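I opened my notebook to get to know this structure. Here is what I looked up, entry by entry.

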Amino acid sequence: MEVVRPEAWHKPLPDPDATERPFYEAAARGELRFQQCPACAHRQFYPRALCTACGAAPEWAIASGRGSVYTFTILRQYHAEHFRDELPYVVAMIELEEGVKMFGTLTGCEPEAVRIGLPVEAYAVEVEAGTAIPFWRPA
Ligand SMILES: [Zn+2]
């Protein structure tokens, strides 16, 4: 996925623990990652220390970065600094081609144009060196 490097980032930074950190580091390299279990092939997101199906230690897999809108909401009120300036905007749950679901901000189209099933692709915003947050836009 494309990695965008803004001149400045004013919103809160991710504060990942050891389990989550590889996800944000991979995003900074342009890789959208999810977890897959080597024992039972179960796929999961968000990152966890154990497979939720069998308890084995999951491994990281790289997603295509393509998916579709599973559900979404349009934020019209949010008083927090740096978020309120972007209203209205869309936060969506994206179902990846690989079957796992991720929450993220959907950009690049009018909120009223978003619909369930809309094909989307991921891009990453590097918010500090080596750490990026995936965002979504229409494919
Ligand atoms: Zn498993």
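Which residues of H1 are buried? I found Phe23, Tyr24 and Ala27 buried in H1, where buried means that 20 or more other C-beta atoms, placed from the backbone, lie within 10 Å of a residue's own. They cover an arc of only 90° around the axis (taken from the directions from the helix axis to the C-beta atoms), so they sit on the same side of H1.

A note on the source: this is a predicted model, in which local features need pLDDT of at least 70, side-chain atom pairs count only at pLDDT 80 or more, and totals for chains, interfaces and linings use all residues. Residues are numbered from 1 along each chain as its sequence is written.

Next I checked what covers the buried residues of H1, and found that the cover includes strand S2 (33-36), S8 and S9. Helices (H or I, at least four residues) and strands (E, at least two) are DSSP runs, numbered from the N terminus. After H1 comes Gly30, with a positive phi near 90°.

Then I turned to the largest nonpolar core, which has 22 residues. Such a core is a set of buried Ala, Val, Leu, Ile, Met, Phe, Trp, Tyr and Cys residues joined through C-beta atoms within 7 Å. Ala27, Ala92, Ile94, Ala124, Ala132 and Trp136 touch the most other members. S8 gives the most to this core, with 6 residues.

Contact here means C-beta atoms, placed from the backbone, within 7 Å.

Last, I noted 1 helix and 9 strands in the protein.

Notes:
A residue is buried if 20 or more other C-beta atoms lie within 10 Å of its own, exposed if 12 or fewer, and partly exposed in between; C-beta atoms are placed from the backbone. Two residues are in contact if their C-beta atoms, placed from the backbone, lie within 7 Å.
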